[in-house]
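Hello,

Here is the structure I promised to pass on to you.

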Amino acid sequence: MDGGNQSGDSEFLLMGLSEIPEQQQILFWMFLSMYLVAVVGNVLIILAIGSDSRLHTPMYFFLANLSLTDLFFVTNTIPKMLVNLQSQNKAISYTGCLTQLYFLVSLVALDNLILAAMAYDRYVAICHPLHYVTAMSPQLCILLLILCWALSILYGLIHTLLMTRVTFCGSRKIHYIFCEMYVLLRLACSNTQINHMVLVATGCFIFLTPLGFMIMSYVRIVRAILRIPSATGKYKTFSTCASHLAVVSLFYGTLGMVYLQPLHTYSMKDSVATVMYAVVTPMMNPFIYSLRNKDMHGALGRFLLGKAFQRST
């Protein structure tokens with residue numbers, strides 16, 4: 001496994017966050033718990049929205065797709081990590097590593113683009129309420145979602161195909177929980193300048209452009225809220241977008257901790273930030289969107305009570 005270029009039977013070693021057996025057991029149960037919470041939470045959000053016609057609105061349409069993306073996101077990385085924590089064999093094939101990288105990159109981009117679509121929905125709902133029904137028609141919502149998927153798939157393909165051009169030699173040990181872009185580039189012994197240039201260019205388009213759009217949307221939303229005369233009206237209006245704002249802050253905050261730094265400074269301490277956006281964020285999103293959201297509370301309650309009633313009869 002040392003020396004030479006990658007080949008069909010070459011492997012990487014996912015060493016994880018710790019090589020101490022006692023710590024690995026703690027990490028196993030911690031990540032298993034977080035994974036189960038993330039899966040159950042996001043599945044409940046999807047089922048509650050799908051089963052309640054009152055939530056068949058653009059905002060909840062995008063929320064259901066965000067939960068679906070988060071579900072795919074955690075399933076792409078955590079099960080393999082859990083297996084590695086319980087096994088002496090830490091190997092992941094070259095193909096398996098690139099597959100994991102593709103889905104990781106694509107799903108992060110998709111998360112980001114869906115959040116931008118949700119920001120546009122809140123902007124129209126608060127700043128142009130009279131035109132909301134026509135501006136956020138079902139056809140436009142589906143078109144926006146297709147665009148989000150298409151851009152994220154293209155983004156993932158570009159970086160995965162570029163990674164196939166990279167030569168790896170020497171140690172293939174990845175002191176990380178999954179195959180991540182920066183980690184693989186640091187292991188490369190060939191010229192990765194093209195990878196860096198494309199990463200910056202596409203990253204600005206896929207991440208900074210939607211972020212700028214979200215900031216502009218919220219500036220206009222805040223202005224619209226400030227024009228509301230009553231304090232109760234202001235609070236009620238702001239509460240409709242507070243959850244989205246919290247998720248955006250968590251997403252970009254954790255992502256920025258990892259990627260807003262030069263590649264040569266990337267170190268083991270950044271694993272904590274990676275865990276935040278790869279595990280904690282998908283786990284927290286259902287709680288954030290359910291917290292203080294009466295519509296979601298009602299839908300979840302009706303869904304769970306309905307299932308309980310079906311079992312009793």
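**The disulfide**

Cysteine 97 and cysteine 179 are joined in a disulfide, with their sulfur atoms 2.0 Å apart (a disulfide is a pair of cysteine sulfur atoms within 2.5 Å). Cysteine 97 sits in helix 3 (residues 94-127) and cysteine 179 in the loop between strand 3 (173-174) and helix 6 (181-187), so the pair ties together parts that are 82 residues apart in sequence. Helices (H or I, at least four residues) and strands (E, at least two) are DSSP runs, numbered from the N terminus. The torsion about the S-S bond of cysteine 97 and cysteine 179 is about -120 degrees, so the disulfide is left-handed.

A word on how to read this: the model is predicted, local features need pLDDT of at least 70, side-chain atom pairs count only at pLDDT 80 or more, and totals for chains, interfaces and linings use all residues. Residues are numbered from 1 along each chain as its sequence is written, and side-chain values use heavy atoms, with hydrogens and water left out.

**Burial and other cysteines**

Cysteine 97 is buried at 0% relative accessibility, and cysteine 179 is buried with a relative accessible area of 0%. Buried means under 20% relative accessible area, exposed over 50%, and partly exposed in between (1.4 Å probe, protein chains only). Cysteine 148 is buried too, at 7%, whereas cysteine 127 is partly exposed at 22%.

Best wishes
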